[in-house]
Amino acid sequence: MFLINIYSEPAGLFPEVTFKNGVNFIFGKKETSDPKESLNGIGKSTFLDLVDFCLLASLQKTHNPRLYAAKEITDDYFIVLNFRVGGKVYTIKRSTANPKFVAFGELGFTQGMNADEARELLAELIFSRPENYQGLLEAKWFRPLISFYLKVQKFKKGLFADPFKYLAEAKDLDLNVYHLYLLGLDNNLAIKNAELYTELKSLKPAIKKLQHFVSKRLKLKDSGMVASEINKIVAKIKRLENTIDSFRLAEQYKDVENEANELTGKIKELLLQNVTDNKLLADYISTYEQDEKISPQRVAKIYNEISEELAYAVKKSLNEAVIFRQRINISRKKFLSDEIQRLTQSLQVNEKQIRELEERRAKLFTFLSNKNALKDLTESYYILNEQKQHLAEIQANTKLLEQLNQDLALLEVQVSNIKAAYFAFVRENKRTIDDLTMLFYEVLQALYSEENNTAGFSITPDQTKEKVLDIVVTLPDMFGKGKNHGRALLYDLTVAIHNIRTTYNFPRFLVHDGIFDGMDKAHFIATLEFVDRQVENGLEFQYIVTVNEEGSLEDNFGKKELVDPRVVEDEAILVLSPSRKLFGTDFAA
């Protein structure tokens, strides 16, 4: 993947930038000799955000604060990035107004799609490896993989503090998966290891919580207490079932219970009938009381305003209609009166019958209660149900706890197997690891020639860490800011050049935003010379770096022609200054 150019549609949001082979400076130029003149906020990192955005970076405020803050400026534009993979040129464009929409395809043949679809296509296009590669690539890894090549400062956190942890939000287990893929090493063990530890980390709290529940609520501290409690409950259940079976001998109670049930059914039917009749009665009474008087004189008065003849004719017709309606109303009133009387009598009869049935049923329940038949049976059923529920709760929870502990043991065995397998993994991949190590020392020799004896690169199993396989870059006094940046610089260049030499599609660019802050001037110069040599030897490699005229160039590097501010300005692909900002204006990030 070789970057060609980036611009806006329509033009005018920012200057079109064409990338070139070799070093690509994003240069911050001073305009005065005033030492207080700041080159912060002129747009160097924001320009790199645009490249990152085209390659599907999130626009959320927490992930991309600068570009999110500039939305009012950028929303009316598409950001367009052209790049080449193999012999084909591709276009991808995206707008901050609708970041979920992406137009992507070969130059002149782009298609609209959502970001997830574009991610799948880009992952396969840019990061697929030959069929003989035994590891795995997933489309969802596109952003984690491309982010390795796009180191853009977005927060105050140290982006280059640790070459391994280039994604602050990612777990070490997942980072191992990405690093092994980037290094061309089989990542299946790392994937399986990450899956196992994910299960372990969800399983252990579940077991602990269940153990607490069994101990506190069920008051059972160990498996011996569980077995004893289960035996006691089973015996109690058996006794209760025998007690309930004994009620079958008292058949006279069954007859009384059956009669009481029949009475209850009849009472329910009568109550339901009363509800229906009461509703109908209320409707009849409401209809009976409606006033349907019509005033022909009032209607004729309205029409008289239009025409006297029409008013007379209307009044005459209405009088005839009213007489006819009154005759019908007499019949209707008679029907409603009869129905109201019938329903009232029916309700009274039903109410009397309900009272008689309830009195009879009450006597039957009193009889059963006096004989203790109903009470004893009900209580026995209640206790039996309670004991069965308690038994089921103990058995279910202890069975689940047993199963979870069994699952935990199996997972821990698999983790141990992976730890053992990594020793064989290192032996089987010795040739690739040796090649990577040699390349690392090649880069080290170019950038840190005086420290070869104390610096190093290694891929070794470490049984004390969850990720098991440890990828380490060391430099003397490596925890100082400059040396940490140096470790990241060495490792990133090693990975980038390794993939350029061994693949046709992997990124042929590397973006470093602010990596030389705190580093010695000699290492900056050596890096530029190293990149130039790679290009002279026929390697397509774009090293994109932000640099300010103040400090890092004029003060630290002014004696070296290679980084003379005037030379850098001439060679820079983008020059920005306080009066020539990326979007031509300020915005609050």
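The model is a predicted one, in which local features need pLDDT of at least 70 and side-chain atom pairs count only at pLDDT 80 or more, while totals for chains, interfaces and linings use all residues. Residues are numbered from 1 along each chain as its sequence is written, and side-chain values use heavy atoms, with hydrogens and water left out.

Thr 91 belongs to strand E5 (helices, H or I of at least four residues, and strands, E of at least two, are DSSP runs numbered from the N terminus). A polar contact of 2.5 Å links the side chain of Thr 91 to the side chain of Asn 82. Such a contact is a pair of N or O atoms within 3.5 Å; within protein, one must be able to donate a hydrogen and the other to accept it, and residues adjacent in sequence count only if both atoms are side-chain atoms. With neighbours within four places in sequence left aside, Thr 91 is in contact with Val 80, Leu 81, Asn 82, Ala 103, Phe 104, Gly 105, Leu 107 and Thr 110 (contact means heavy atoms within 4.5 Å).

## Strand E5 and its partners

Strand E5 covers residues 88-94; five of its seven residues are buried, so the strand is largely enclosed by the rest of the structure. Strand E4 (residues 78-85) pairs with E5 in the antiparallel sense over seven bridges (two strands pair if DSSP finds at least two bridges between them). Across this pairing, Ile 79 stands opposite Arg 94, and Val 85 has Lys 88 as its bridge partner. The hairpin of E4 and E5 has two residues between the strands, and Gly 86 takes a positive phi near 65° there.

E5 also pairs with strand E6 (residues 101-106), again antiparallel, over five bridges. Lys 93 stands opposite Ala 103 in E6, and six residues lie between the strands of the E5 and E6 hairpin. The charged end of Lys 93 sits over the ring of Phe 78, 5.5 Å from its centre (NZ of Lys or CZ of Arg within 6 Å of the ring centre and within 35 degrees of the ring normal). Elsewhere, the charged end of Arg 129 sits over the ring of Tyr 133, at 5.7 Å from the ring centre.

## Two open sheets

E4, E5 and E6 are among the six strands of an open sheet with the order E2-E1-E4-E5-E6-E7 and antiparallel pairing. At the edges stand strand E2 (17-18) and strand E7 (111-114), each with a single partner strand, so one side of each has no neighbour in the sheet.

Another open sheet has five strands in the order E8-E11-E12-E3-E13, with parallel pairing. Its edge strands, E8 (150-151) and E13 (574-576), each pair on one side only. E8 and strand E11 (residues 509-512) run parallel and are joined by two bridges; Leu 150 stands opposite Val 511 in E11.

## Aromatic pairs

Rings of Phe, Tyr and Trp (its six-membered ring) pair if their centres lie within 6.5 Å; planes under 30 degrees apart count as stacked, over 60 as edge-to-face and the rest as tilted. The count by this rule is 21 aromatic pairs. Phe 83 and Phe 104 have ring centres 6.5 Å apart and planes at 15°, so this pair is stacked. Phe 83 lies in strand E4 and Phe 104 in strand E6, so the pair ties together parts that are 21 residues apart in sequence. Phe 83 and Phe 104 are both buried.

Phe 148 and Tyr 149 form an edge-to-face pair, with 5.4 Å from centre to centre and 80° between the planes. Phe 148 and Tyr 149 are also buried.

Helix H5 (residues 142-149) has eight of its eight residues buried, so it is largely enclosed by the rest of the structure. The buried residues of H5 include Phe 142, Arg 143 and Pro 144.

A nonpolar core is a set of buried Ala, Val, Leu, Ile, Met, Phe, Trp, Tyr and Cys residues joined through side-chain atoms within 4.5 Å. The largest core has 131 residues, and those with the most contacts inside it are Ile 6, Phe 47, Phe 83, Phe 127, Tyr 149, Phe 509 and Tyr 543. Helix H14 (residues 481-502) contributes the largest share of this core, nine residues. A second, separate core has five residues, among them Leu 263, Ile 267, Ile 354 and Leu 357.

Notes. Buried < 20%, exposed > 50% of the residue type's maximum accessible area, 1.4 Å probe, protein only.
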